[in-house]
Amino acid sequence: MDQALTIPTPDGRADGFLYRPDERDHPGVIFLPDGIGLRPSQQEMARRVAGEGYIVLLPNIYYRDGRPPFLPPKPDFKDEFALRVAAVFHRHADCFGLMLQ
């Protein structure tokens, strides 16, 4: 069972998805997306985890910068939009302790 949802936060509303194997209670998992953000492959992984008996929350942790998709399937980094997305990633990289140049 897939459900798109909106999560209220102190500084806005984050979008995300909730995956359940069925209506019963199950252990929960928070599936955090990587630096590129939510995309279909991560949604499929969350569905598979739910299929193993977990309730899975897949939040858009980059909600302050927009809703997915953040990059086209094959990004052209000469494209202005892709450059803006890359800048957002670099801006958030410090949160994850990444060293980017």
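Guide: Start at glutamine 43. Its side chain makes a polar contact with the side chain of tyrosine 19, at 3.4 Å. This is a predicted model, so read that distance as a computed one. Glutamine 43 sits in helix H1. Is glutamine 43 buried or exposed? Its relative accessible area is 16%. The cut-off for buried is under 20%, so glutamine 43 counts as buried. Setting aside residues up to four places away in sequence, glutamine 43 touches Phe17, Tyr19 and Leu58.

Now follow those partners. Phenylalanine 17 has leucine 58 in S4 as its bridge partner. Alanine 4 stands opposite phenylalanine 17 in S2. Tyr19 and Leu58 both belong to the largest nonpolar core. That core has seven residues: Tyr19, Phe31, Leu38, Ala46, Ala50, Val56 and Leu58. Helix H1 (40-51) and S4 are the elements that give two or more residues to it.

Take phenylalanine 31 from that list. Which residues does phenylalanine 31 contact, leaving aside neighbours within four places in sequence? They are Gln42, Met45, Ala46, Val56, Leu57, Leu58 and Pro59. Among them, Ala46, Val56 and Leu58 are also core members.

Next, the strands. S1 (residues 2-9) and S2 (residues 12-19) pair in the antiparallel sense over eight bridges. A hairpin of two residues joins S1 to S2. Threonine 6 has aspartate 15 in S2 as its bridge partner. S2 also pairs with S4 (residues 55-59), again antiparallel, over four bridges.

Four of them form an open sheet in the order S1-S2-S4-S3, with mixed pairing. S1 and S3 (28-30) stand at the edges. Each has a single partner strand, so one side of each is left without a neighbour in the sheet. On average, neighbouring strands of this sheet are turned by 25° against each other, direction ignored.

Where does the helix go? H1 lies across S1, S2, S3 and S4. H1 runs at about 165° to S4. Glutamine 43 is part of that helix, and its touches on Phe17, Tyr19 and Leu58 can be read with this placement in mind.

Compare a second polar residue, asparagine 60. Asparagine 60 is found in the loop between S4 and helix H2 (80-93). At 1% relative accessibility, asparagine 60 counts as buried. Its side chain reaches the backbone nitrogen of tyrosine 62 at 3.0 Å. For glutamine 43, by contrast, the polar partner is the side chain of tyrosine 19.

Last, step back to the whole chain. The secondary structure comes to two helices and four strands. From the N terminus on, the elements run β-β-β-α-β-α. The protein has 101 residues, and 29% of them count as buried. Consider contacts between residues at least 6 apart in sequence: 57% of these join residues at least 24 apart. The protein exposes about 7,000 Å², and carbon and sulfur atoms supply 58% of that area.

Notes
Residues numbered from 1 in each chain as written. Predicted model: local features only at pLDDT ≥ 70, side-chain atom pairs only at ≥ 80, totals over all residues. Heavy atoms only, no water. Pairing = 2+ DSSP bridges. Core = buried A, V, L, I, M, F, W, Y, C linked by side-chain atoms within 4.5 Å. Buried < 20%, exposed > 50% of the residue type's maximum accessible area, 1.4 Å probe, protein only. Contact = heavy atoms within 4.5 Å. Axes fitted to C-alpha atoms, helices over the stretch in contact; angles between N-to-C directions. Areas by Shrake-Rupley, 256 points an atom, 1.4 Å probe, with all protein chains shown as cover. Polar contact = N/O pair within 3.5 Å; in protein donor to acceptor, adjacent residues only side chain to side chain.
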